[in-house]
Amino acid sequence: MKTRFFLSWILLISFQIVLAQPVIQAVRIDTPPHIDGNVMEEVWDEAFVVSDFYQREPNLGAPVSKKTEFLVCYDEHNIYFAVKCWDDPKKITAKEMARDVSLGNDDRIQIILDTYLDKRNGYWFQIGPRGSIGDALISENGAVFNKEWDGLWTGKASIKDYGWEAEVAIPFKSMGFDKSNTKWGIKYIRHIVSNIESSYWPEANLNTHKFQVSDAAVLDEIKDITQGIGLDISPYLVTGLDTKKGEKNDPKLTGGVDLFYQITPSLRSSLTINTDFAETEVDDRQINLTRFSLHFPEKRDFFLNGANYFQFGIEGDDNSPASKRLIPFFSRRMGLDENGLPIPINYGAKLAGQHKNWNIGMLHMNDERQVGNQNFSVMRISHNLGKQSAIGLIGTHGNALADSTNMLAGADMKLSTSTFQGNKNITLALFGLKSNTRNMEGDNGAWGAQFSYPNDLVNARLGHHQIGKNFIAGMGFVPRTNIKESYGELEFGPRPGKWGIMQLQFGATFNYIQNLENKNRESREINLKPLGIRFFSGEEISYSIINQYEFLYADFNIFQDISIEQKGYEWWRHEIELKTKGARNIWGEATYGFGQFYHGTREDIIMKANWKVAVPFFLGGSFIQNHVELPDGNFTANIYQLNANILVSPDITLYNFVQYDNASKNAGWQSRFQWILKPGNEIIIAWNTLFLRTVSPFFMDESALRLKLKYNIRF
């Protein structure tokens, strides 16, 4: 082992001298390791070792504070990783065990693989000290991060007297790649929560995106690997019982199948028949105090896998205030009604992936909605330009909003680089769309542009878009039409490195919306942030003052029977945010907002607290309150949420989620038991129930119990 480590170190240093980014050798093995979280087998002596990690935070460029080793090797079917993380066992933060949960408050390691070596897209894998694993898709050079993607792979970990270690096996069948290319991009990251430390290999600067792909190292000589014939068959069986107060119980028995075929190593087709989403998490409740529709994220696996290939314009830039205001394809339009309740899906087909310099996303879906169209189609194609830029087209056919037919077409261009002035990111996005809806002609276009400079010391953004009065995205999400909107942001983030302060953050944002027809101002918001502090201790605090203007063209019913009369309003508000270090057994965050609101006052309180009772048990809760006083009446809108989870192991989990809001006056409870026998083979028991409260105490109005058996066959 020592000899192998010494040779690896010599090779690595040699490559770093010659190249800007290091190149490491992919080592092929004959006997695969047993993945149990104990890095003891002799096969790991053959693997290539990387150990020269450098901090990105809190001390840029300093060596990692704790010894770290990543090992990699592969065979015909899988790529294998082992990790050894030295640390004081008493300081290891390891509270999570479940799959695909956030490990932001745990120690963890992350692996990024750019299997096409296109320096744009990648696969992201992580594992914590207790074996909690997660994965994601990275696109646009790390600017877009799709955490909802689920791949089939295995990872185990264990805590030792010297620290902790882990083993990972990722099947080539779970990834797309160019079989003719023997070079992959590779990046390693270690997070040590007790030190608020993030260390990278290769070394990363503060201006790069956290999961930037373009600065990855090269893993060379990946060859003679296989995806089999590329066919996955995943049948499932669902049985259960629906109950409703005053009605006869309704037993359920159904089944379906998902088929996946790898047309090429980088282009995957999917077919789903009689689709079921029994295991999908329920939406977090929101009380809408605005005049426009709220955005709820997609949570269903079939739509999430490959979702990055359907993103258009500035969609995916979650830091942009406009990223959720003009989405031409919004997958929640299919298989769900306007209240988020499921509509049975008969079948769906999807093609997503890459072919040479082309990125392809196509989808067709048929559901059983009673009103309007049942068929929905979308095509999204883009072509890579240079190293990180692209130009593309999108088209949709289908209308979930009305009975009339609807088509939409658009084009976009994104010019990006991560090497502006040496190591800074800069992006210019341009897009245009036009819809065609029966009996609606003229004013049916939308276009926009956004410039962004998302870097550590200076973070800037400037954008503008226009949406015509008759622009209809029948498969999209466009909460506001007949407007032109301009917005911008300028924030500074110096790092004094003393007084316990890791980074200061201060700046301003603005947003201005004008009516396209009469040119009148409809909305304006100016947010001044004079104080934002991130401490070395892990705590954060910020203060903002907000000036807002809204013009109402009609009386606005804001809550129950309380309305705000038609006219223009301007007001000032203040907001204070506090966050505690997530490594503690009890941690949380709080937001307090206060000030004027229309022609009255408003006070907002958001409290979130989490308690790791013991390793298997977790309690978390949140409380959101909006107290509003207006001349026509006062009201208080409350949302209560509680999580109570039992994590037996990363493969056996029980989640309980209860929430109540006083707008609907009902409570929802979801319990989900999941037993992963092996990746792709699962037993799921889900119970969803709705409790109503009228004059009397709560009573159970309806419930749905489901047992789902999933099986995966790979060829």
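How many salt bridges does the structure hold? The structure holds 35 salt bridges, a salt bridge being a side-chain nitrogen of Lys or Arg within 4 Å of a carboxyl oxygen of Asp or Glu. The model is a predicted one, in which local features need pLDDT of at least 70 and side-chain atom pairs count only at pLDDT 80 or more, whereas totals for chains, interfaces and linings use all residues. Residues are numbered from 1 along each chain as its sequence is written, and side-chain values use heavy atoms, with hydrogens and water left out.

## Overall form

The chain has two helices and 42 strands, where helices (H or I, at least four residues) and strands (E, at least two) are DSSP runs numbered from the N terminus. Along its principal axes the C-alpha trace spans about 80 × 60 × 50 Å. A compact globule of 715 residues would have a radius of gyration near 27 Å, and the 26 Å of the chain agrees with that; the radius is taken over C-alpha atoms, and the globule rule is 2.2 Å times the number of residues to the power 0.38. Of the 715 residues, 51% count as buried, a term that means under 20% relative accessible area, while exposed means over 50% and partly exposed lies in between (1.4 Å probe, protein chains only).

Side chains of opposite charge can pair when their charged atoms come close.

| Pair | N to O distance |
|---|---|
| R495 and E57 | 2.7 Å |
| K156 and D651 | 3.1 Å |
| D242 and R706 | 2.8 Å |

The salt bridge between R495 and E57 links distant parts of the chain, since R495 belongs to the loop between β26 (483–492) and β27 (501–504) and E57 to strand β3 (residues 54–57), 438 residues apart. R495 counts as partly exposed because its relative accessibility is 26%, whereas E57, with a relative accessible area of 11%, is buried. Both residues also take part in a network of salt bridges that links E57, D456, R495 and R534.

K156 forms a salt bridge with D651, and this pair joins strand β10 (residues 154–159), which holds K156, to the loop between β37 (633–649) and β38 (652–661), which holds D651, across 495 residues. K156 is partly exposed, its relative accessible area being 29%, and D651 is partly exposed at 25%.

The salt bridge of D242 with R706 links two strands, with D242 in β15 (residues 231–244) and R706 in β41 (residues 699–710), 464 residues apart. Both D242 and R706 are buried.

## Backbone features

Most residues other than glycine have a negative phi, and most peptide bonds are trans.

W499, although not a glycine, has a positive phi of about 60°; it is found in the loop between β26 and β27 and is exposed, with a relative accessible area of 64%. K665 likewise has a positive phi of about 60° without being a glycine, and K665 lies in the loop between β38 and β39 (666–678), where it counts as partly exposed at 38% relative accessibility.

## Surface patches

Patches are made of residues with over 30% relative accessible area and no salt bridge, like charges being joined within 9 Å and nonpolar side chains (Val, Leu, Ile, Met, Phe, Trp, Tyr) within 5 Å. Accessible areas come from the Shrake-Rupley method with a 1.4 Å probe, and for residues only the protein chains shown count as cover.

A nonpolar patch is formed by L385, I391, L415, L428, L430, F451, L462, F510, Y512, I526 and L528, which together have about 840 Å² of accessible area. Strands β23 (424–437), β28 (506–515) and β29 (521–535) each supply at least two residues of this patch. L428, one of its members, lies in strand β23 and counts as partly exposed at 33% relative accessibility.

A negative surface patch is formed by D30, E42, D45 and E46. Lys and Arg count as positive and Asp and Glu as negative, while His and the chain ends are not counted; the place of a charge is taken as NZ of Lys, CZ of Arg, CG of Asp or CD of Glu. D30 lies in the loop between β1 (23–25) and β2 (48–50) and, at 79% relative accessibility, counts as exposed.
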